[in-house]
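Here are my notes for you, written as a few numbered points. Have the structure open while you read, and click on each residue as it comes up.

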Amino acid sequence: MWISKLIIFSVFVAFVAAQKCNITRTRRVNGKRVKITTLECCKDYRKLATPDLRCVPICKTACGSGRCTKPNVCTCNKNYVNLNNVKSNRCVPYCKGCSRGSCLSPGRCVCTSGHLQDPKTGDCVPQCRSGCPNGVCKAPDQCSCNQGYSLNATDQVCLPICKENCRRENGFCAAPDRCECNPGYVPKPNSNKFACQPVCKNGCQNGVCRAPDVCECNKLFRKDADKNCVPICEDECVNGKCTAPDVCQCLPKYTKVGRNVCLPVCSKGCINADCTAPEECTCHPGYIKREGVCSPVCEDGCENGSCLAPGKCSCNDGYEKNSGNKCVPACKNGCENGFCASPNKCSCNEGYEMSSGNKCVPVCKDTCENGFCMSPNKCSCNAGYEMNSGHKCVPVCKNGCENGFCVSPNKCSCNEGYEMSSGNKCAPVCKNGCENGFCVSPNKCSCNEGYDKSSGNKCVPVCEDGCENGFCVSPNKCSCNGGYEMSSGNQCIPVCEDGCENGFCVSPNKCSCNEGYEMSNVNKCVPVCKDGCENGFCVSPNKCSCNEGYRMSSGNKCVPLCKDGCENGFCVSPNKCSCKDGYRMSSGNKCVPVCKDGCENGLCVSPNKCSCNDGYEMSRGNKCIPVCKNGCENGFCVSPNKCSCNGGYEMSSGNKCIPVCKDGCENGFCVLPNKCSCNEGYEMSIGNKCIPVCKDGCENGFCVSPNKCSCNEGYEMSSGNKCIPVCKDGCENGFCLLPNKCSCNEGYEMSIGNKCIPVCKDGCENGFCVSPNKCSCNGGYEMSSGNKCVPVCKNGCENGFCVSPNKCSCNEGYEMSTGNKCVPVCKDGCENGFCVSPNKCSCNEGYEMSSGNKCIPVCKDGCENGFCVSPNKCSCNEGYEMSTGNKCVPVCKDGCENGFCVSPNKCSCNEGYEMSNFIFDVRTGNCVLKKKMVLDTDCDQSCWNGTCSEGICTCADNYKLHRNEGDHRLFCLPICEPECINGFCEAPGTCACFDGESPDNGYDCQSLNSSEALILRRNKIKHLKWLFITIGLLAVILAIVIVMLMMHIFKKHNYRVDEKEKKFGVYFSANKVDIIRP
């Protein structure tokens, strides 16, 4: 322990002793040169300002976070190192790794932009946003590719390199020298090199697959709706099929009359008709088929005449043709408001009656109050009245009667809850009034602007920002609560009666202090000075005021004041000085400097500080050394204005020392002995040589001078001093990726011939692709939203849409009319009205809409037992007839003997008669005397398809009782409504035709009599009989053939089991196998 201390002490003493040197100088003393030896600090050491001689080493560069332990040697603190590991350099913080970064403090590395620190090595690793697949990131967003890959400078992605042009063959380079086909393409079979061909999933018959699922049809072929290539026949094939280009094949039962036209064949010919389908004639317009012959049609018939040609009638005598091509009776003098009922005989129109003078005048049943009868049941109103929907004359008020009704011309009466105001208007009445609002309807208020409805139908003011510490008294105007007052900005702020000096009021009579103040015990804010106020007092936050005899100095402190000052000293109390270190008090209360070692070649101007004589200047150690005006860079001054050079330097003209480099410094200059520094634009390379620097590098080239590149073969210089690849034929819509190799811009793709063509993802129907996802439309089309070409129709397509240039297609529910316009369609038509929208009718006057969108006539008094056929005109139901008074009464065909008709064909018996139960007696009618109502004693035998109850035959529902005239048997027959035409009712509501066919509409059979139907039915039965016999014979023959075939197969069967077992590798003795033969 003591030995180690002794060694350390010895080394320290030796080290200290090495810092001091005996210096011998010659001086003149009393005119004689005398050598004087003094103990001073050695060269590169300086003296400390201490009583004894203490020397410390000198470091030209400040050591920073370290200390100078030897001349120009810095010893760094812990976690600090010398810059560039050169001992003479300053101490900088140490960070592990930290390449491409800055070490700001020990262990704290801040990476430069575009770098992130690696937690393992501590180095700053460059970051590339692309991730550099198939490469490494060598600088921020700058990748270096692996072998076999090249860099796409645009997105910094390493793409594989393939010797073959994959893109040209519809493929892509998937890996170095490995091409793969694009989606929709497959490798071309039997190809010696890489090539891809498109695939069309559904094949491409009669065409060539040009692109995935894109067929290009051969010449004279076109695409159909299913995108298949079908042959083209000019003018198409009418009633035929195009089987080859310009070759039409007619459909069955059609004959060819031209190259592409096939017409149907009707073997019997068509009179007044056209053959529209095989063996089917369609009558000419104006003709209708009757019994297989097309006869002329007169739509309204030819009453009182005969139809000679379509729509042309010939009238009988006493009749004449009117404008509607109808034969009407002729009356010489005419029949105003009537019609000619028969030759020269008038009858008034319905609604008119014959008056004196043989004139027909209109009749209005309900009279015409406030008007007059203008036409049947149609009134015309007097002045000041108008007709309402109920065909009544009501008074008219020009300005209307809002909230009321018109009681007489231009006179209103108000509704309940309203009252008459000025101007003949009805205004609503609110019983309790509408404070801050107005009455909008009876007892309902609407608030004025700035007010809102509260409970109780009252309008209260609204303040948008609320009324904190107050309440809203009018729109956006507050009134403050007690203890608050209104400030600017419509806000309520608290009030403190005594104020809040150096603070602010937070609630009534409660203060809060401003920053820098604190509350005293009397609710007052006093300033706070953090460091106190020595020799003074606090007047505001962190601001002091000094006591008498003191003044304020920097740092907010009070220092004593001495009137005459204290030069080279300091005032310790009012008017009392004390000298600074290195000074002493002289006479006159002044401080003068003290220099312990004197001032050679100068004088003492401050403690241990000398001022040098002319030609000298102060150096380290407070010594005056000679001065060379221009300095002695790389040397030292030996006397005023005279230098001497350091080793490795030489004197140049102008008394300057310049460094010497043996091999010279091409593209640079010598900065230190044998050390060059490069000119601007150059950097030091291996062998102490300066090479040119190009800041952005010389990709695909090399640097020949500062920021000037020379390009490799196949590249050329572009603007911006960059080498870009050269493609001889250029790269329209793309860029040159490698020499003579193009890459397409985004939105373009490589086509044949190494050209980039634009791509439109969704295609360009009715147009063509002019740029990426941008189409240009063909003639007659225009661009719509969504980059689609839509046809243009100049006049628009109301109720439809444009399907091709100037051609419309109608919306559902509309059809094309003349003039290329779409009109609404009502499937069932609009009888007695007109179609206003799809399947929606509007009725004519005198008609109204019923359920089912039909216009039915309106009869005011209704039509009991009938139906309204036209406005105010009834037609009776079946079984009823019109009687006097325009009423329908029931009709009983055979009359009602001994009774009266109560409904169609239903009688009610007179007194003394009764109804025969369910039995219609042809001889006596429905009503028979009670004594003649005889029970059928043999009901069970005579009641067919019915039920006997107490000797009376009763039918089930939907059946009627019928008595056979021959044997008087009773039958319950089914009821069909409507009746079966040319057929019979086989079950309730079900008709059957005589010919065995199904009836049209459920009841209408073709015109065949019962004998013809019977013959057809017998022929069918006979045909089916022979069919079944034939099938039976064939089945017997087939069974015999199968039996014979089976017998033949069994006879040829081989029972040699041993041979078969050997065939399959099984060995047994055949002698031990028992065979049982049939």
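What follows is a short walk through a handful of spots in this model, which is a predicted one.

1. Let's begin with backbone angles. Most residues other than glycine have a negative phi. Now look at asparagine 674: its phi is positive, near 55 degrees. You'll find asparagine 674 in the loop that runs between β77 (668-672) and β78 (675-678). Is asparagine 674 buried or partly exposed? Its relative accessible area is 44%, so it counts as partly exposed, given that buried means under 20% and exposed means over 50%.

2. Next, hop along to asparagine 806. Here too phi is positive, near 55 degrees, in a residue that isn't glycine. Asparagine 806 sits in the loop between β93 (800-804) and β94 (807-810). With a relative accessibility of 45%, asparagine 806 is partly exposed.

3. Now for a hairpin, the one made by β49 and β50, with 2 residues between the strands. Which residue in this hairpin has a positive phi? That's asparagine 443, with a value near 55 degrees. The strands β49 (residues 437-441) and β50 pair in the antiparallel sense, over 4 bridges. Across the pair, cysteine 439 stands opposite cysteine 445 of β50.

4. Glutamate 40 is worth a stop. It belongs to strand β2 (residues 32-41). Is glutamate 40 buried or exposed? Its relative accessible area is 15%, so glutamate 40 is buried. Its side chain makes a polar contact of 3.0 Å with the side chain of threonine 38. Setting aside residues up to four places away in sequence, glutamate 40 touches several others, including Gln19, Lys20, Arg25 and Lys623.

5. Last stop: asparagine 766, in the loop between β88 (755-758) and β89 (767-771). Asparagine 766 is partly exposed, at 28% relative accessibility. What does asparagine 766 contact, leaving aside its neighbours within four places in sequence? The list is Cys777, Asn778, Tyr781 and Cys789.

Note on methods:
Residues are numbered from 1 along each chain as its sequence is written. This is a predicted model: local features need pLDDT of at least 70, side-chain atom pairs count only at pLDDT 80 or more; totals for chains, interfaces and linings use all residues. Side-chain values use heavy atoms; hydrogens and water are left out. Buried means under 20% relative accessible area, exposed over 50%, partly exposed in between (1.4 Å probe, protein chains only). A polar contact is a pair of N or O atoms within 3.5 Å; within protein, one must be able to donate a hydrogen and the other to accept it, and residues adjacent in sequence count only if both atoms are side-chain atoms. Contact means heavy atoms within 4.5 Å. Two strands pair if DSSP finds at least two bridges between them.
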